[in-house]
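The sequence and the structure are shown first, and the description follows.

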Amino acid sequence: MKKKIFISIFSLVISLIVILSTSVTIIFYVNYEKREIINLQNDSSLIIEGINEDGLNYLTSLEDYNNRITLINDDGNVIFDNMIDASTLENHLYREEVQEALTNNYGESKRYSSSLLKRYFYVAYKLNDGNILRLSSEIFSVFYFILHDLWPIYIITIVSIITAIILARFLSKRIVDPLNNIDLDDPLSNNQYPEIEPMLIRINNQHRQILSDKEKVEKAYKIRQEFTSNVSHELKTPLHIISGYAEIIGNGIASEEDTKLFAKKILNESNRMTSLVADIMKISELENQQIKNFEDVNLKNLILQIVDDLSLSFKNNGIKLELKLNDIDIKANKDHLYSAIYNIVDNAIKYNKPNGKIIINLIINKDNRPQLSIKDTGIGISKEDQERIFERFYRVDKSRSKANGGTGLGLSIVKHTLNNMNATIQVKSQLNKGSTFIIIF
């Protein structure tokens with residue numbers, strides 16, 4: 001980039017210098033030619049006056065005159081020449097300036113002289129006696145003119161070119177250095193060029209996105225590790241229990257009464273594993289394919305059905321229920337939605353305080369969306385735990401969860417189910433004061 005900028009600046013300056021130098025040369029040279037013609041015309045006027053007064057004798061007195069003087073008769077023969085023997089010169093009748101003078105009394109031309117091997121200006125005047133007076137002056141070539149008269153300008157041009165090289169190197173370095181020194185780790189700290197600000201903002205956004213993606217990848221990796229560890233642990237514990245009791249029964253050590261007890265425990269642990277595997281498969285299914293078979297679902301009737309199905313649980317735990325339900329219809333998969341809401345209400349009962357209270361509120365919120373809130377007066381959830389309760393196998397109170405037969409997958413299934421039905425879930429909670437789960441459809 002630095003090389004390109006240097007070449008661009010240098011080329012621009014050199015182009016300007018060349019254009020300027022060429023223009024100056026042309027202007028000066030054109031003025032020089034005009035000046036030479038005017039000088040010849042002025043000298044011709046003086047010589048004509050001399051001839052009119054003194055005749056040809058006046059011409060002989062001008063043999064040392066710097067410019068060439070030629071007198072030609074109306075037949076084209078040379079009568080006088082101050083530089084060359086007139087008798088040796090060819091007929092000049094058809095010379096351009098002579099023809100013009102014979103026709104218009106004045107003529108001029110510019111040509112290369114084969115006799116003198118030089119370039120000349122010619123002016124010719126027709127005299128009163130019919131003869132033609134011609135004066136000529138040697139014209140310097142452009143190169144001679146440059147070397148003789150314009151050399152200071154071209155010395156300045158050379159100096160300008162050298163200066164241009166130095167300036168181009170300096171400017172290209174000055175332009176490129178801020179770009180080379182951009183702090184890409186903190187793009188917005190660079191304020192040298194407002195023109196590149198959009199690019200720096202984009203780089204900064206990409207940095208943030210990369211960091212965010214990195215955090216997400218790390219979090220996903222950590223969750224996957226925890227998931228693998230939890231699955232192994234959750235399956236290993238009941239398997240050890242089952243194998244232990246089975247071994248005792250198989251060895252004939254257990255009495256008939258103990259055998260019945262052990263068989264019951266084996267069945268419980270088997271059911272627990274079956275429930276765990278079913279939940280894992282359910283999450284996998286929700287992740288890999290969208291929920292289908294949507295239908296019109298009346299949320300009020302669905303909630304009333306869930307409450308009725310859990311009525312015995314409400315009664316056994318002494319939980320009071322308060323319902324504030326509007327009549328609202330939505331499009332959803334009824335069975336999946338039933339399971340999700342059932343799970344939340346069931347948790348509100350399990351993790352409530354004795355003789356606690358649950359308030360279920362169904363409204364249209366300020367954004368004109370159906371909103372279901374399930375509030376309990378239970379043990380509550382800490383802020384740290386609130387961020388993770390929807391992760392697989394994450395339990396706020398591990399001992400109580402195990403006692404209630406929870407697998408730690410319930411809320412994760414709920415979130416996946418609701419996401420698949422374009423709904424969101426959030427939680428608000430305080431320790432020992434209860435929790436509120438809010439679903440917005």
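## Overview

How many helices and strands are there in the chain? The chain contains 13 helices and 12 strands, where helices (H or I, at least four residues) and strands (E, at least two) are DSSP runs numbered from the N terminus. The model is a predicted one, in which local features need pLDDT of at least 70 and side-chain atom pairs count only at pLDDT 80 or more, while totals for chains, interfaces and linings use all residues. Residues are numbered from 1 along each chain as its sequence is written, and side-chain values use heavy atoms, with hydrogens and water left out.

Of the 441 residues in the chain, 37% are buried. Here buried means under 20% relative accessible area, exposed means over 50%, and partly exposed lies in between (1.4 Å probe, protein chains only). Among contacts (heavy atoms within 4.5 Å) in the chain between residues at least 6 apart in sequence, 60% join residues at least 24 apart.

## Nonpolar cores

In soluble globular proteins, nonpolar side chains tend to be buried together. A nonpolar core is a set of buried Ala, Val, Leu, Ile, Met, Phe, Trp, Tyr and Cys residues joined through side-chain atoms within 4.5 Å. The largest such core has 40 residues, and those with the most contacts inside it are Leu337, Ile341, Ile360, Leu372, Ile374, Phe437 and Ile439. Two or more residues each are given to this core by α8, β8 (329-332), α10, β9 (357-364), β10 (370-376), α13 (410-420), β11 (424-430) and β12 (434-440). Helix α10 supplies the largest share, eight residues.

Not counting residues up to four places away in sequence, isoleucine 374 touches Ile341, Ile344, Val345, Ala348, Ile358, Ile359, Ile360, Ser435, Thr436 and Phe437. There is also a second, separate core of 19 residues, which includes Tyr32, Leu59, Ile69 and Leu133.

## Packing of helix α10

Two packed helices are described by the angle between their axes and the distance between the axes. Axes are lines fitted to C-alpha atoms, for helices over the stretch in contact, and angles run from 0 to 180 degrees between N-to-C directions. Helix α8 (residues 299-309) packs against helix α10 (residues 334-350) at an angle of about 50°, and their axes are 10 Å apart. The two helices are therefore oblique to each other; angles under 35 degrees count as roughly parallel, over 145 as roughly antiparallel, 65 to 115 as roughly perpendicular and the rest as oblique. The crossing of α8 and α10 is right-handed. A crossing is left-handed if the near helix is turned anticlockwise from the far one by less than a right angle, and right-handed if clockwise. Leu299, Leu302, Gln305, Ile306 and Asp309 of α8 make the contact with Lys334, Leu337, Tyr338, Ile341, Tyr342 and Val345 of α10. These residues comprise eight nonpolar, one polar and two charged. In this division, Ala, Val, Leu, Ile, Met, Phe, Trp, Tyr, Cys and Pro count as nonpolar, Asp, Glu, Lys and Arg as charged, and the others, Gly among them, as polar.

Helix α10 also packs with α13, at an angle of about 140° and with the axes 9 Å apart. This crossing is left-handed. On the α10 side, His336, Leu337, Ala340, Asn343, Ile344 and Asn347 meet Gly410, Leu411, Val414, Thr417 and Leu418 of α13. The contact has six nonpolar, five polar and no charged residues.

Tyrosine 125 is found in strand β4 and is buried, with a relative accessible area of 18%. Leaving aside neighbours within four places in sequence, the contacts of tyrosine 125 include Gln41, Ile48, Tyr106 and Asn131.

Asparagine 131 lies in the loop between β4 (118-126) and β5 (132-138). Asparagine 131 counts as buried at 15% relative accessibility.

## Two loop asparagines with positive phi

Most residues other than glycine have a negative phi. Asparagine 368, in the loop between β9 and β10, has a positive phi of about 65°. Asparagine 368 counts as exposed at 63% relative accessibility.

Asparagine 432 lies in the loop between β11 and β12 and likewise has a positive phi of about 65°. Asparagine 432 is exposed, with a relative accessible area of 55%. The C-alpha atoms of asparagine 432 and isoleucine 379 are separated by 4.4 Å, although the two are 53 residues apart along the chain.
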